[in-house]
Amino acid sequence: MKYFPVYNHSFQNLQEYNMSFEEVFNHIVKFMTINPRGKYRLMIGTDSQVHTAHTIFITGIVIQQEGHGVWACISKVIIPRRMTQLHERISQELSLTEEIVSLFTEGRKNQLINIVLPAVYEGATFTMEGHIDIGAGKRNKTREFVKEMVARMESMGVEPKIKPNAFVASNYANRYTK
């Protein structure tokens, strides 16, 4: 039997440190409740960076109200070895994204949907996206993993986004891996 580690995630942003997932979820609810008529995108993505003796993985959670700003936070996981195999690292990035996505249970997703539901005929929306730090371009080393990784995200009922549309992984999380 293969062991898959479960991480006790702690989240942070520029204002708060050591937030639990419950606190993160409450921030998202509060953000969306300010304007229940908004168009919301909940985006989750992970990026990694190999350092001398370890590999850092940063998972970003971003709730965006189209045209009206975002609330965001990150979670950091450090693996105490150099993960130099690209497929292993991309797969680990996606596993961490999947783990955070799974914290948004059906009940929690329904709670978020119920915020916008009364205004859905006025244009309010809620979508959930999994941002994967891979690209399909001919010169992209990760192009051979696109089908596999996209299928994993789709199997969770989350809309997959790859480069250049995977900005939570490729830009937001990336800035914290250095």
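# Cores, a cavity and a pocket

Mentor: The largest cavity holds about 30 Å³ of space. Keep in mind that this is a predicted model.

Trainee: Okay. How many cavities of 30 Å³ or more does the structure hold?

Mentor: One.

Trainee: And which residues line the largest cavity?

Mentor: The lining consists of Thr46, Ile90, Glu93, Leu94, Thr97, His131, Ile132 and Asp133. By class, three are nonpolar, three polar and two charged.

Trainee: Which element gives the most to that lining?

Mentor: Helix 2, with four residues. Helix 2 and strand 5 each supply at least two.

Trainee: What about the second largest pocket, how much space lies in it?

Mentor: About 240 Å³. It is lined by 16 residues, and those closest to its centre are Asp47, Leu86, Arg89, Asp133 and Lys163. Strand 2 and helix 2 are the elements that give two or more residues to this lining.

Trainee: How do the residues of that lining divide by class?

Mentor: Seven are charged, six polar and three nonpolar.

Trainee: Changing topic. Which residues touch the most other members in the largest nonpolar core?

Mentor: Ile28, Met32, Leu42, Ile61, Ile63, Phe104 and Leu112, out of 37 residues in that core. Several elements supply at least two core residues each, among them helix 1 (21–34), strand 3 (55–65), strand 4 (70–79) and helix 3 (106–116). The largest share, seven residues, comes from helix 1.

Trainee: Take Phe104. What is it in contact with, leaving aside its neighbours within four places in sequence?

Mentor: Phe21, Phe25, Ile28, Leu42, Ile44, Ile61, Lys109, Leu112 and Met128. There is also a second, separate core of nine residues, which includes Met43, Ile58, Val62 and Ile74.

Trainee: Now strand 4. Why is it described as largely enclosed by the rest of the structure?

Mentor: Because seven of its 10 residues are buried.

Trainee: In what sense does strand 4 pair with strand 1, and over how many bridges?

Mentor: Antiparallel, over two bridges. Gln12 has Ile74 of strand 4 as its bridge partner.

Trainee: Which residue in the hairpin of strand 3 and strand 4 takes a positive phi?

Mentor: Gly67, with phi near 80°. Four residues lie between the two strands there.

Key:
Residues numbered from 1 in each chain as written. Predicted model: local features only at pLDDT ≥ 70, side-chain atom pairs only at ≥ 80, totals over all residues. Heavy atoms only, no water. Core = buried A, V, L, I, M, F, W, Y, C linked by side-chain atoms within 4.5 Å. Buried < 20%, exposed > 50% of the residue type's maximum accessible area, 1.4 Å probe, protein only. Contact = heavy atoms within 4.5 Å. 1 Å grid on protein atoms, 1.4 Å probe; cavity = no way out; pocket = protein on both sides within 12 Å on 5 of 7 lines; lining within 4 Å. Points joined across faces, edges and corners; volume = space filled by probe spheres on them. Nonpolar A, V, L, I, M, F, W, Y, C, P; charged D, E, K, R; others polar. Pairing = 2+ DSSP bridges.
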